[in-house]
Each structure stands twice: as structure tokens, then as C-alpha cells.
Amino acid sequence: MATGHSAESHKITRLAQKNNEDDFHHPTEKIAQLEEIKSIICEDILEVFGGQGNLTKWYQEIGTVTTLTKETTGDSFEYIYKLRSEKRKFNWIDIDSYGYPDRLFPVIFELMKDECGLVFTFPQVGVNCHNGISQQHFSTFYCNPTPTIGNVVGKITDWALREWMLASLVDVKKIKRIYRIVFMCKRVKATDMTNVRNR
Ligand SMILES: C[S@@+](CC[C@H](N)C(=O)[O-])C[C@H]1O[C@@H](n2cnc3c(N)ncnc32)[C@H](O)[C@@H]1O
């Protein structure tokens, strides 16, 4: 089957990523942000929508990295359910889809150890063609057709609570037309969180 223009340009980008010649996905800026918070990143790392380029290599310097790419593990939206069925747990999760990370929520919180950092890429509203479909998507996930960072932080906090995890915002960086948003999540006993004492 003949491949279309976008499939061909995608192949070129993927090759550049592997050869560390990619600046389209801003690995330098992402790494600069991670360098600032390096002290909270620890060994069991999951990269969702990974690129096996500089960012993956940077993580490999820190610890064991499970990198999900379309070529190796297939569609990340499906593969995370395999990780969940294997009861895999991580203490740092990086979600780097340039579209919407939202379909990974809230399941991603089930892949977290008791303490786990979460960094994800969120598109600047309007980058993904702001049509009826994306408006409905944002309304469904963030109760707002044009979500603010505050809306996103609020929803992440709620989704984390489903797993009895408290999510604290650590950093937000705008890199060109994306945001990289970092949280630290900590599991809290349900009884402590709700101030209930079992008799
Ligand atoms: C924005 S890039 C980021 C790559 C890497 N983190 C970096 O900074 O170099 C996202 C990657 O996810 C891949 N991808 C796209 N859709 C995917 C899917 N459904 N499942 C897994 N990977 C996907 C793309 O091929 C692309 O390499």
C-alpha cells in the first residue's frame, strides 16, 4: 500500500528522534526542565509515547526505563492496560503525546508506586484544530471547551484521588506550543484522607 505524505514525514521525524537530530519535539527544552527537578526523579521510569532519542537516553542515566513507542509496544493507549494487568508500578511517568494525553487518565494513576512523579505534555488550546470535536473532547475531560491550566490541575487532582493519591503541582513550563506539566503524587491512606477512624 502506498504511504501518504504525512506517513512519510512521520517516518523521517522518527528516524531523526532515534539519531538525536530531532528538534521538532523539543527534547532539549524538556531535558532542561527535568534537569531543574532531577532530585525528585527516581529509578523506575515509564515513558509513554517515547521517542528513544535524547529524552530516553537522559532517563536511562537515572534508572530503568520502560519506553512505549508505536514501533515496539504498539498503541500506548492499549499497552498501558497490559502494564496494569501485569501489576507494573513506576515511580516516574512521562506522557509525551502531542495530541491529547487525556485518554490515559485516570488509568495511569493505577501504574504508580506509593510515590510517583508525573510529567505530561498538554497542547496549547488552539494548536489542535479548535473545532467541535476538540471542544467536545475538552468539555468531556475538563468541563470546559477551552481549559485553563487551572482546569487541568483540578482534574488531575480529582483523577489522582480516585486512587487515593494526592497530586501536588511541581512545575509548568510552556515550550513553544505545548506545556509540560509536572506533579508529584503520593498515596495517602483512605482513612487519613477522609479523617475517618475505623472502630
Ligand atoms: C511527541 S513525540 C515525543 C517523543 C519523545 N518523548 C521525544 O521527546 O523525543 C510522540 C511519539 O509518540 C509516537 N506515537 C504516536 N501515537 C502513538 C500511540 N498511539 N502509541 C504509541 N506511540 C505513539 C510518535 O511516533 C512519536 O514518536
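Let me start with the ligand. The shell around it, sorted by class, holds 6 nonpolar, 8 polar and 6 charged residues. Keep in mind that this is a predicted model.

Which residues come nearest to the ligand? Of the 20 residues around it, those are F49, G51, K70, S76 and D96. Some helices take part in the shell as well: at least two residues each are supplied by α1, which spans 5-18, by α2, and by α5, which spans 76-85.

Now the protein as a whole. It has 8 helices and 6 strands. Going along the sequence, the pattern reads α-α-β-α-β-α-α-β-β-α-α-β-β-α. There are 199 residues in the protein, and 27% of them count as buried. As for contacts, take those between residues at least 6 apart in sequence: 55% of these join residues at least 24 apart.

Last, one pair of helices. Two packed helices are described by the angle between their axes and the distance between the axes. Here the pair is α2, residues 27-36, and α3, residues 54-62. Their axes come within 9 Å and cross at roughly 25 degrees. Angles under 35 degrees count as roughly parallel, and α2 and α3 are therefore roughly parallel to each other. On the α2 side, the contact is made by P27, K30, I31 and L34; on the α3 side, by N54, L55 and W58. By class, that contact has 5 nonpolar residues, 1 polar and 1 charged.

Terms used
Residues are numbered from 1 along each chain as its sequence is written. This is a predicted model: local features need pLDDT of at least 70, side-chain atom pairs count only at pLDDT 80 or more; totals for chains, interfaces and linings use all residues. Axes are lines fitted to C-alpha atoms, for helices over the stretch in contact, and angles run from 0 to 180 degrees between N-to-C directions. Helices (H or I, at least four residues) and strands (E, at least two) are DSSP runs, numbered from the N terminus. Angles under 35 degrees count as roughly parallel, over 145 as roughly antiparallel, 65 to 115 as roughly perpendicular and the rest as oblique. Two residues are in contact if their C-beta atoms, placed from the backbone, lie within 7 Å. Ala, Val, Leu, Ile, Met, Phe, Trp, Tyr, Cys and Pro count as nonpolar, Asp, Glu, Lys and Arg as charged, and the others, Gly among them, as polar. A residue is buried if 20 or more other C-beta atoms lie within 10 Å of its own, exposed if 12 or fewer, and partly exposed in between; C-beta atoms are placed from the backbone. A residue is near a molecule or strand if its C-beta atom, placed from the backbone, lies within 6 Å of it.
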